[in-house]
Amino acid sequence: MADFPELKNDLLLRAARGETVERVPVWVMRQAGRYLPEFRATREKHDFFTICRTPELACEVTLQPLARFDLDAAIIFSDILVVPQAMGMTVEMVKGKGPHFPERLDSPEDMKKLSLSVDVDKELGYVFSAISLTRRRLEGKVPLIGFCGAPWTLMSYMIEGGGSNTISRAKAWLYRHKDASHQLLQAITDVCVEYLEGQVKAGAQALQVFESHAGILGTKQFEEFSLLYLTQIANKLRERLQQSGLPNVPLIVFAKGAHYALPDLGSSGYDVVGIDWTHDPSEARRAVGGGVCLQGNLDPCALYGSKEDIVGRVQEMVRGFGRQSWIANLGHGIYPDMDPEHLKVFVDSVHSLSQQSV
Ligand code: 1CP
């Protein structure tokens, strides 16, 4: 591993490991994104995946929110859909619509078109370069988070061909093509493990796995098609990090909508369980059990409210979560039409209201 500048703010890493913190760390999902005028300016000049694939641009965009807000972490600018691309699929980002796969997986036959053993360094080396560059440019200010999509969420995009409300085409596979579904989920899992290891090798100091489509599964299907692979990722990754002499970085799992699964997620091998805004913080704390840090969970739409209202909600969050073993965040990504000044109120009030008087 390269030598990087020493970390000055390790609040997020300490909170993730359950160590005592002087104040609660905060970062925001999609903190680099279209709500920032400087991001829109970069996007006007470059296509979405060109930014992802150009380390200099990905680094620039990653650092944009840190220049404005007192955040306790950076998250590398990329997308979960770079993994399906690495497996041979074409993904385009369509203006006003989001991601689009011109040739989605229609039936298990189509899996023949995928490359199931991916040369991760070759296909995703540009993410590793972006991470190393960003680690240097951060100069140790805050830790850098790497990430990937969870297997079920990625499988559902690959079959739906883009965003979907019902995710019914992908769910049809779970009922009709159980074996092929497991084969696909396993292939994605294997790529994710190698991809996440590569991110740590490149300099990522924490990792988040996004299971954004957990909420569409019921308890049984979650267990069989999501949890099994999330757990495998955590276990295999830790084993590989140890074998390679790489740091055992904190792992965060965010399974949106998985109310029923909090106890399972709490014992799935992750240090941190991210929760969306529909959870009550103190009940979530009870459900995940001791020894697990929580992350979340302000409703992103609360940022449409007044600044005073945001402060009040942060106060409530501090009461619900407590000041330890908690990483403050939104309960999902920030939307493009939100006011950056309101995000600043969120970030600053987490800091001021969670100061520990020790
Ligand atoms: O700042 C950061 O958080 C890092 C950058 C980041 C991350 C972590 C982006 C940039 N995307 C993601 C993860 C991601 N991508 C997820 C998981 C988190 C979540 O649930 O939102 C998902 C589901 C995607 C897929 C995706 N990419 C969508 C959702 C589509 C849908 O309707 O299902 C969209 C709109 C994108 C594009 C995208 N990715 C990122 C940005 C800033 C954008 C906006 C596109 C643009 O600038 O044109």
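Val 273 stands opposite Leu 294 in strand β8. Strands β7 (residues 272–274) and β8 (residues 293–298) run parallel and are joined by 3 bridges; two strands pair if DSSP finds at least two bridges between them. This is a predicted model, in which local features need pLDDT of at least 70 and side-chain atom pairs count only at pLDDT 80 or more, while totals for chains, interfaces and linings use all residues. Residues are numbered from 1 along each chain as its sequence is written.

The chain has 14 helices and 9 strands, which are DSSP runs numbered from the N terminus (helices: H or I, at least four residues; strands: E, at least two). An open sheet is formed by 7 strands with parallel pairing, in the order β1-β4-β5-β6-β7-β8-β9. Its edges are β1 (74–75) and β9 (326–330); each has a single partner strand, so one side of each is left without a neighbour in the sheet.

| Helix | Strands | Angle |
|---|---|---|
| α9 (residues 178–202) | touches β4 (144–149) and β5 (206–211) | about 170° with β4 |
| α10 (residues 219–243) | lies across β5 and β6 (251–255) | about 170° to β5 |

Angles run from 0 to 180 degrees between N-to-C directions, with axes as lines fitted to C-alpha atoms, for helices over the stretch in contact. Two residues are in contact if their C-beta atoms, placed from the backbone, lie within 7 Å.

Of the 358 residues in the chain, 46% are buried, that is, have 20 or more other C-beta atoms within 10 Å of their own, with C-beta atoms placed from the backbone. Along its principal axes the C-alpha trace spans about 60 × 45 × 45 Å.

How values were computed: A residue is buried if 20 or more other C-beta atoms lie within 10 Å of its own, exposed if 12 or fewer, and partly exposed in between; C-beta atoms are placed from the backbone.
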